[in-house]
Amino acid sequence: MHDTNGPVDGAAVDLGKHDALGGAFPATPEGRVLFAIAFLFSIFQIATAAHLLDPPSQLVRAIHVGFVSVLIFPLLAVMAGKSLPVRTVAWSLSLLGAGVAFYQCYEYAELLVRAGDPLPRDIAFGVIGIGVVFAAAWALMGPALPIISGVFLAYCLFGEYLPAPLDHRGYDFSQVIDHMAFGTEGIYGIPTLVSATYIFLFILFGAFLEKAGMIQLFNDVSLSLVGARRGGAAKVSIISSGLMGTISGSGVANVVTTGQFTIPLMKRFGYRPAFAGGVEATASMGGQIMPPVMGAVAFIMAETLGVEYHEVVKAALIPAILYFASAFWMVHLEAGKRGLLGLPKAELPSARAAISKGWYLILPLATLVWLLFSGYTPLFAGTVGLAFTLLLILGSSVALGLPSTAIRLIFWIGLGLVAAAFFKFGIEVVVVALALLIFANTTRKGGRETLAICRDALAEGAKTALPVAIACALVGIIIGTMTLTGAANTFGQFIVSVGGKSLFLSLLLTMVTCLVLGMGIPTIPNYIITSSIAGPALLELGVPLIISHMFVFYFGILADLTPPVALACFAAAPIARESGLKISIEAVKVAAAGFVIPFMAVYSPALMLQDGGPIAASVGYPAAVAYIVFKTGLAIGLWGSAVIGFAAVRLSLFERALAAAAAFTLLAALPLTDEIGFALGTAFLLLVWRKVRAARREAQAPSPRTT
């Protein structure tokens, strides 16, 4: 019997090659100190989110960035096994980051008084703070984001010397540093605020669910549902990676966790290594566009647009479902083309058994979704979700030690009443309950192991949050440049001038911009950059506000699948044992819907459940939604057949070209192109139907007797 719980064709992959912080905290004195700092970081963030500590927002942001700066440099040095001199430099930079945070806290009131008129020592600490953020981002994520942010910072300082229309009026050095390093416009801007509140909590939430066994639950349920079907191994990858992506803040991290299981499984059942890696990368990145968490971008988008969270989810829901349906269709066609069958049913786990064993893990996620859709703020929902997760994990450990089923039932009812009392009496009730559960767990061996798991999850969650947090701080430089100089207007006017001649060309230019700017940059800063630059321009061209932001968000996500950088694909490369470039080419094919859906939503806003567009005006909103979903599904189906070269039978080059032409003409929302697309699609389906009938007749015909 095959093992379906881990890599099946080789040694474990060195994840550190793609994630510098991918390993565990080193078991050295330095490692233990860093573990303790990470643990305290999480405790501080939970305490401020639950208002057990209630410092001013500016101090929360400064301390958040301070913790991040303190951890990144020595962690990278220790985990990479660097020499003592290198580690000494790393700790020195760490202390500089701590010093800047301390200065912000110590001088908080005075800094408010002299805002706009900084002292020389303010400028010195500001330069150090900006330099530490740049250095930390470069050390952890590479040069892409620091270079882009550096260009924007240089524009603030020297843009007055550029020719019109690129120039600005000019800003003094002290004014630029004051704007970027103090207040709420630069490195402590809205991205850092969201990182220090919603994002950190949701990363911790995911870390606890992972530690509690959520990945195994997703894998078992996926295997049970689709493992036995045609191409089941790849379909398992799409479901499990998509589910994991809904609670993960990083698509690349998702690749290197679920990919360890799914990619070898796909290879074992006949999928090409490049295709297996492409499917995993596509599904993992798709998790970033699937509600409820959406890589935490949903919360930043809601904050930026000034809309309710559920409005963002409403716009994302149908495109996300179509994205995964497209990936499913692609792997189904590839399996049919190559005759790949499903996994033997005898080897598959039972979904019922998996859910009966880990049902309690679903409750915090369900609570989180309910709270978000009930109008509660993401900060409140994240705090409650995390608190309930802790209650369940610690409570489960205590319940195992109770002597009878009846007592365990009474215990769970009581714990449920405590959780419900939160909404009436506040967080103090939950804090008391957690303290009692922690004490109860310290008295038994299994409980102490559970406490160790929770402690590790807090430290690991803080470590996982570091790339996002430092990226949010650094991307504040770009936002600060926009607010100080109005730089977005120049690029926006160019896009608008192109759009005046052709909206499609303007969208194409925006897409390319997002793909280029998104290369090598995490999801959140990617969205912030592209929406700041291109979002206003699309809005001026008549694209609805939320759709313009979704448009740039989608292509920012797809940058991680697009050559030549394709971070998600290169993360899958060592697991698939295939070239990252080949994997990225396959990923672009599998993720074709991701490239098409944003364009279709611009022309038909009903695809994102938004009002507007010529179809809605002519046939009404409900009919427009049904029509555009059908049309998009048909376009995806045709594109899949064209790319894979299969649709019940193998296709000729002419048939593939016909399918591609039909899919392309269905892209726009113009009556003429729709009619052409439906006509070409019908012609393609007729050709395939005739080919299938001919193949069946040939198979049923009696073979000629030999004499």
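View 1. At 29% relative accessibility, Cys105 counts as partly exposed, where buried means under 20% relative accessible area, exposed means over 50%, and partly exposed is in between (1.4 Å probe, protein chains only). Cys156, with a relative accessible area of 0%, is buried. Taking a disulfide as a pair of cysteine sulfur atoms within 2.5 Å, the count comes to 0 disulfides. Please keep in mind that this is a predicted model, in which local features need pLDDT of at least 70 and side-chain atom pairs count only at pLDDT 80 or more, while totals for chains, interfaces and linings use all residues. Residues are numbered from 1 along each chain as its sequence is written, and side-chain values use heavy atoms, with hydrogens and water left out.

**View 2. The protein chain as a whole.** Here is the setting for the close-ups that follow. The protein chain has 31 helices and 0 strands; helices (H or I, at least four residues) and strands (E, at least two) are DSSP runs, numbered from the N terminus. Of its 707 residues, 56% count as buried. Contact means heavy atoms within 4.5 Å, and among contacts between residues at least 6 apart in sequence, 76% join residues at least 24 apart. The chain exposes about 28700 Å², with carbon and sulfur atoms supplying 68% of that area; accessible areas come from the Shrake-Rupley method with a 1.4 Å probe, and for residues only the protein chains shown count as cover.

View 3. Helix α5 covers residues 120–141, and its 22 residues should span 32 Å at 1.5 Å a residue, which agrees with the 32 Å between its end C-alpha atoms. The expected span of a helix is 1.5 Å times one less than its number of residues. Buried residues of α5 include Asp122, Ile123, Gly126, Phe134 and Leu140. The buried residues of this helix pack against α2 (57–79), α3 (84–106), α4 (108–113), α6 (144–158), α7 (173–181) and α20 (445–485). After α5 comes Gly142, whose phi is positive, near 95°.

View 4. Val133 is found in helix α5 and is buried, with a relative accessible area of 2%. What does Val133 touch, not counting residues up to four places away in sequence? Its contacts are Val65, Ile187, Ile470, Ala473 and Leu474. Val133 and Ala473 are 340 residues apart along the chain, yet their C-alpha atoms are separated by 7.1 Å.

**View 5. The nonpolar cores.** A nonpolar core is a set of buried Ala, Val, Leu, Ile, Met, Phe, Trp, Tyr and Cys residues joined through side-chain atoms within 4.5 Å. The largest one has 216 residues, and those with the most contacts inside it are Tyr271, Leu391, Met550, Phe553, Phe555 and Leu561. Helix α20 gives the most to this core, with 21 residues. Apart from it lies another core, of 14 residues, among them Ala647, Ala659, Ala662 and Leu666. Turning back to Leu391, its contacts beyond four places in sequence are Ser396, Leu415, Ala419, Val430, Ala433, Leu434 and Leu437.

View 6. Helix α19 (residues 427–442) has 16 residues and reaches 23 Å from its first C-alpha to its last, close to the 22 Å expected at 1.5 Å a residue. Its buried residues are Ile427, Val430, Ala433, Leu434, Leu437 and Asn441. They cover an arc of only 120° around the axis, which puts them on the same side of α19; the arc is that of the directions from the helix axis to the C-beta atoms. The cover over these buried residues includes α17 (378–400), α18 (405–425) and α20. On the face turned away from the buried side, α19 carries the exposed residues Leu436 and Phe439.

**View 7. Ala399 in helix α17.** Ala399 belongs to helix α17 and is buried, with a relative accessible area of 4%. Leaving out residues up to four places away in sequence, Ala399 touches Arg408, Phe411 and Trp412. From Ala399 to Leu409 there are 10 residues in sequence and 8.8 Å in space, C-alpha to C-alpha.

**View 8. Two loop residues with positive phi.** His51, in the loop between α1 (29–49) and α2, has a phi near 60°, a positive value in a residue other than glycine. Leu609 lies in the loop between α27 (592–603) and α28 (614–619). The phi of Leu609, another residue other than glycine, is also positive, near 55°.
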